[in-house]
Amino acid sequence: MPMTQWLRRAAFLVGGMLLLGGCEFTGLQSTLDPAGPIAQAQHDLLIWSYQLSWIVMIATFGVMAYVLIRFRRRRDDPDRIPAQFHGSAPLEIGLTIVPVLIVIAVAVPTVRTIFATETRVTPEAGDVIVNVTGYQWWWRFEYPELGVVTANELHIPAGRRVILNLDSADVLHSFWVPRLAGKRDLIPNQNNQLWIEAPDPGTYYGQCAELCLGAHAYMKFRVIAESDAEFEAWADSFQTVDSRAVQADPDVQQGYQLFATKGCTNCHTVQGYRDGSSVGTPDFPNLTNFGLRTTLAAGIVPNDRENLEAWLRDPQAVKPGNYMPALWQEDDPNADEEIAAIASYLLSLGAQSGPEAQASLGGSHGDR
Amino acid sequence: MAIGRQGTGSSPAAGLLQRPQGTSGIASWLTTVDHKRLGILYILTSMTFLGLASVEAFIIRLQLAAPNQQLVSPDVYNQLFTMHGLTMVFLAIMPLGTGFANYFVPLMIGARDLAFPRLNAFGYWIYALGGLFVYTSFFLGGAPDAGWFAYAPLTSLSNNPGNGIDFYMIGLFIGGIGTLVTAMNLIVTIFSMRAPGMTMMRMPVFVWMILVTAFLIIFAFPPLTVALFQVIMDRTFGTLFYVPSAGGLPILWQHLFWIFGHPEVYIIILPAFGVISEVIPTFSRKPLFGYPVMILSGIFIGFMGFAVWSHHMFTTGLGPVANTAFSLTSFVIGIPTGVKIFNWLGTMWGGAIRFATPMVYALAFLFMFVIGGITGIMLAMPPFDAQANSTYFVVAHFHYVMGGGALFAFLAGLYYWFPKMTGKMFSDRWALASFWFFFIGFNMIFMPQHFAGLMGMPRRIQTYDAGLGLEIWNLVSTAGTFVMGVGMIMIVLGFVHAFRSGEPAEDDPWDARTLEWSTSSPPPHHNFDEQPIATDRDAWWAKKYPDLAHADDGSAYEGIDFDAGGIHMPGQSWYPFLLSFAVFIGGYGVMYDNWPLAILMGLVVVASTYGWAFEGVGGHHVHPRSSAQEGAGD
């Protein structure tokens with residue numbers, strides 16, 4: 001970058017630091033760029049206290065600078081002993097009142113915002129309810145009213161209140177989507193609640209904010225706000241899902257079978273994988289409609305073929321510390337083909353609603 | 001003094017081990033009960049731990065210099081920040097304050113030692129060995145990795161099967177004993193061993209703050225001990241306090257930890273306030289402005305420290321009522337703190353300010369503590385805390401308070417008292433040069449972290465993604481570690497050089513105000529040849545400048561020979577070290593379920609306690625006024 005650009009960048013940064021705003025501070029995960037009512041209220045309070053802080057700092061440091069200059073020891077009179085005064089009751093009382101007033105100025109809007117943002121709400125018509133469960137190191141999102149279970153990507157309808165019931169299956173986690181709402185912890189044996197609302201469609205970044213060891217830094221997620229119609233369509237796709245109605249692509253077909261034979265079904269659920277019975281357990285990421293996900297491995301990388309194959313081949317390389325095993329030995333001659341097949345199958349999940357490529361795999365497949 | 005009058009008769013050594021008499025060699029340091037030697041040991045040990053924690057911090061910053069780096073594994077990273085926090089809080093900054101208290105409380109109140117010299121030695125050794133215990137974890141399977149506040153259920157055996165957490169729990173359990181006994185020792189000393197004429201309201205503010213701190217320790221450490229004990233029981237004997245699957249409530253740990261942990265913050269910062277309240281008047285050549293208010297606000301801060309613990313838990317879902325309550329109590333603490341800042345400014349107002357190194361550190365403290373205090377008030381707003389909690393904003397905040405606040409204040413104290421402790425003068429120019437590196441580096445590291453946090457960077461992650469706007473802040477922050485590191489090395493070199501070949505220091509190089517400056521530099525083993533008498537608040541100043549003080553005439557004490565029969569100096573003892581060592585080894589016994597070892601060490605503890613109790617008075621008398629008799633036996 002040329003010098004002038006550096007200087008401009010630096011000026012924007014410093015200006016942003018002083019004002020706590022500006023284009024340098026809009027980020028995908030920035031609390032300074034709120035997009036929902038709760039984050040907005042929290043942001044407003046921050047800005048109010050930040051402005052007050054400037055008054056306090058200018059006053060304090062101003063007096064300090066004045067004192068240090070005015071009352072420094074003079075070279076022409078180094079041995080002067082100043083008047084030995086010990087205090088002044090009126091001044092001290094006055095100076096006690098100043099911090100009291102500042103505290104009141106902060107406390108009043110604080111209490112108002114606490115009750116506006118933290119009061120437990122009861123669901124009303126139009127609200128969407130989601131049970132959020134934190135796991136090391138991914139998120140389970142269950143929509144009890146819609147019969148949808150998914151992982152790591154929380155679809156919500158824009159403009160509607162979404163009530164999140166927060167629970168943890170193991171250690172502490174914290175649900176944090178900075179642009180929508182401040183964090184709330186997920187604590188075992190404790191029912192916490194948080195509500196969020198995104199006025200506009202868009203993708204909002206979230207991340208676990210409480211140390212949970214291992215792959216904690218990689219425990220991310222996305223909140224995807226859509227129009228009502230898009231959201232309904234997304235939820236409906238879970239009702240009509242028939243995973244056996246996958247594309248007639250032989251790759252996909254092979255992947256469908258390998259999904260069971262390589263042991264994926266021991267952990268992962270795919271709704272409708274078999275007639276009348278489910279596979280997997282609820283304590284691992286549910287892969288139903290996996291092809292609709294935009295990201296992989298809890299918001300780490302985009303969900304495309306290349307990343308998915310890398311993930312299947314060596315999960316530890318993509319997300320160090322996670323619990324997913326590597327299913328192929330390094331010298332396994334079939335690895336490439338099988339990984340490609342499973343990736344094809346996974347990416348096809350949720351895409352079956354496309355009319356042209358529908359076909360049934362028939363009942364004989366997938367039986368073991 | 002009480003000690004001076006008791007034990008005039010000789011008593012036979014009743015213990016198994018002789019009380020050693022030597023004043024040089026390793027044995028004399030292992031057995032010393034001299035508060036000045038123990039103070040120096042405290043300061044050197046805590047500085048060593050500070051160095052270790054700085055190395056850990058340096059690796060952390062290198063790892064975070066750029067996005068998606070793989071310098072250390074997540075597992076090692078977790079150990080590094082856990083040990084960094086644990087070390088800084090428990091093994092570096094808190095004991096640094098204790099070191100100054102050890103050395104200077106007796107000198108400032110005109111006493112010859114702490115009330116219980118052997119207990120003091122025990123307090124030091126158990127702290128040092130407790131710290132060593134925790135650090136051996138690096139060689140014995142891995143350090144604790146659950147953060148310095150070790151939230152349950154991350155510490156349960158199923159979630160954390162290695163020994164790291166045992167090192168944390170048992171190590172703090174051991175170290176906590178030392179902190180507690182030292183607190184009791186200081187309280188008794190301050191209440192009962194002040195010089196004639198030194199009423200409570202004439203005590204130096206540093207002594208007052210140590211007194212408040214000691215009471216905080218006594219009330220704050222028991223809940224921690226309970227919590228540590230619960231986890232030790234969970235991990236060693238299979239109890240279920242923090243096992244969620246058995247119905248355990250992990251939130252209980254947070255309550256117990258923070259009802260200790262918040263007062264702990266004041267246990268660290270109040271002694272720092274005390275140091276600042278000595279340095280600023282001395283270098284302004286004026287008495288402290290509003291002394292009674294300073295004392296009262298210190299007590300008030302200490303008291304309120306027990307009423308704010310849940311502000312560390314605003315995001316745990318306590319509900320709006322509890323969050324409001326704890327938010328308001330936290331705001332209230334801002335009031336006495338603000339008063340303190342005003343009073344320090346008031347002290348300088350109208351003074352003749354000298355910008356010597358201790359004063360420059362004190363001014364840097366003021367600057368950074370105001371910033372840390374402001375972010376503290378911001379974090380006390382639960383709605384903002386919901387965003388900032390567990391992010392780098394909090395990291396920046398508490399480093400401004402603990403580092404820019406407490407550490408800079410203690411460095412002010414170290415420069416202030418270095419001539420007194422060593423009898424050597426340091427180079428002011430070198431010290432000021434190193435200060436600027438240290439100060440600018442510190443702010444380069446931690447100022448950007450506020451913004452990284454606001455931009456959405458959680459703490460305790462070993463990596464972050466590019467594209468979130470976090471790069472520039474982390475890069476500047478890491479660059480700052482090099483600047484601060486240079487400053488740190490320069491500070492150490494400056495002290496080493498001053499200690500080895502500094503100019504001899506005068507007894508009172510700063511024209512200071514309190515009694516430690518009335519004796520020689522370094523002070524003799526018995527501290528004062530003559531029992532000092534306090535006729536005014538700044539007792540030494542009043543003696544030097546009687547026209548400028550409102551002193552009593554002191555005639556009430558005229559003609560009294562306080563040191564009739566000589567000054568009794570307590571004998572050295574092996575038992576404090578032996579007892580601490582047995583607890584230290586016993587810790588490994590408990591950790592590895594090696595019960596024979598644990599029980600054996602338990603027996604050594606009992607035996608050493610017995611030996612300690614019955615080893616007799618020992619010691620000798622010194623007669624400084626007639627040096628011919630000095631050192632004559634009991």
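In chain B, the centres of domain 1 and domain 2, taken over C-alpha atoms, are 28 Å apart. The bounds of these domains, like the others below, come from an automatic or database domain assignment. This is a predicted model, in which local features need pLDDT of at least 70, side-chain atom pairs count only at pLDDT 80 or more, and totals for chains, interfaces and linings use all residues. Residues are numbered from 1 along each chain as its sequence is written, while chains are lettered from A and ligands numbered from 1 in the order in which they are written.

**Confidence**

The predictor gives the complex an ipTM of 0.92 and a pTM of 0.93. For chain B, the mean pLDDT (the predictor's confidence in each residue, from 0 to 100) is 92, and 96% of the residues reach 70 or more. Where pLDDT is low, the predicted coordinates should not be read in detail. A contact here means that the C-beta atoms of two residues, placed from the backbone, lie within 7 Å.

**Domains**

| Domain | Residues |
|---|---|
| Domain 1 of chain A | 3-74 + 85-118 |
| Domain 2 of chain A | 128-239 |
| Domain 3 of chain A | 250-357 |
| Domain 1 of chain B | 43-552 |
| Domain 2 of chain B | 561-623 |

Within chain B, 18 residues of domain 1 are in contact with 20 residues of domain 2. On the domain 1 side, α5 (117-135) and α6 (164-192) of chain B each supply at least two residues, and α5(B) has the largest share with eight. Helices are DSSP runs of H or I with at least four residues, strands are runs of E with at least two, and both are numbered from the N terminus. By class, this side of domain 1 of chain B has nine nonpolar, five polar and four charged residues. Ala, Val, Leu, Ile, Met, Phe, Trp, Tyr, Cys and Pro count as nonpolar, Asp, Glu, Lys and Arg as charged, and the others, Gly among them, as polar.

In chain A, 32 Å separate the centres of domain 1 and domain 2, again over C-alpha atoms. Twelve residues of domain 1 of chain A are in contact with 13 residues of domain 2 of chain A. The domain 1 side divides into six nonpolar, five polar and one charged.

**Where the chains meet**

The contact between the chains takes 73 residues from chain A and 72 from chain B. On the chain A side, α1 (3-19), α2 (37-70), α3 (89-118) and β7 (181-186) each give two or more residues, and α3(A) gives the most, with 15. This side has 38 nonpolar, 25 polar and ten charged residues.

**Two residues of chain A**

A:S344 lies in helix α8 (residues 335-348) of chain A. A:S344 is buried, because 23 other C-beta atoms lie within 10 Å; buried means 20 or more, exposed 12 or fewer, and partly exposed in between, with C-beta atoms placed from the backbone. Leaving aside neighbours within four places in sequence, A:S344 is in contact with A:D249, A:D251, A:V252 and A:G255.

A:D167 is found in strand β5 (residues 162-168) of chain A. With 17 other C-beta atoms within 10 Å, A:D167 is partly exposed. Not counting residues up to four places away in sequence, A:D167 touches A:T133, A:L186 and A:N191.
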